[in-house]
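These are short notes for a colleague opening this model for the first time. Please read them with the structure on screen.

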Amino acid sequence: MKQFHFLLVATLISIPVFAQEKKGSSANVDDHMKQMLDYSRPGKYHQLLAGLTGTFTFKGSHFDWVDSVTSKVAMEIFGTAVRKPFATGRFFITELTTGATLQLPRQAGKMIEGYGSAFQTEGYDNVKNKFQLSYINNHIGSAIAFWEGIYDSTTKTIAFYGEMENVPGMKTKIRFNFIFNDKDHYKWEYYMEQNGKYRKASEMYFTRVEGK
């Protein structure tokens, strides 16, 4: 029954597309389906992400801006990241867990001590020719963050750009650099816009756990 329900939903999603084609042109429905399937296939950029599947440890820092020029380390962070493929390598899921506890917000103004956790999905949109990333966590923010980026093969970096609004009316532009070093090492850099300039908010270094 579940399988039938899934097929029904997929069919209903596709019908408006085919109906529009039949009405506006003589395009062949089979050709259209072939195009959709071809654009759904993992490619070289998916393979770039696939090279980092496995278990990694991470360490890094969150920065506190002292003034408009300098910054200091506000918090040292460390933990574990597990990267897994999904949908036959079309997407990738990363789960992060801190190695130390944090004060986490709960209902009715309460706080609880627990380990920080985050869940991230990554992929490459073959139609837009852009990497895409979504991010949620249990510490700061109630929204699903979403960023799009382009890969620079010279610097081996995906530069993601997006926006966050953790407090109503206070929108902040974000730049997130995903830097590929080799199959066992990579780096994340988060930048937040301040007075028209991006300032580094945090950085994290990842190292593969041997044999994983």
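1. Trp188 stands opposite Met204 in strand β10. Strands here are DSSP runs of E of at least two residues, numbered from the N terminus. The model is predicted: local features need pLDDT of at least 70, side-chain atom pairs count only at pLDDT 80 or more, and totals for chains, interfaces and linings use all residues. Residues are numbered from 1 along each chain as its sequence is written, and side-chain values use heavy atoms, with hydrogens and water left out.

2. Strand β9 (residues 185-194) and strand β10 (residues 197-208) run antiparallel and are joined by 10 bridges; two strands pair if DSSP finds at least two bridges between them. In their hairpin, two residues lie between the strands, and Asn195 has a positive phi near 55°.

3. Leaving out residues up to four places away in sequence, Phe178 touches several residues, among them Leu52, Ile158, Tyr186 and Trp188. Contact means heavy atoms within 4.5 Å.

4. Gly79 lies in strand β2 (residues 71-86). Why does Gly79 count as buried? Because its relative accessibility is 11%. The C-alpha atoms of Gly79 and Thr97 are separated by 5.6 Å, although these residues are 18 residues apart along the chain.

Note on methods. Helix = DSSP H or I, 4+ residues; strand = E, 2+ residues; numbered from the N terminus. Buried < 20%, exposed > 50% of the residue type's maximum accessible area, 1.4 Å probe, protein only.
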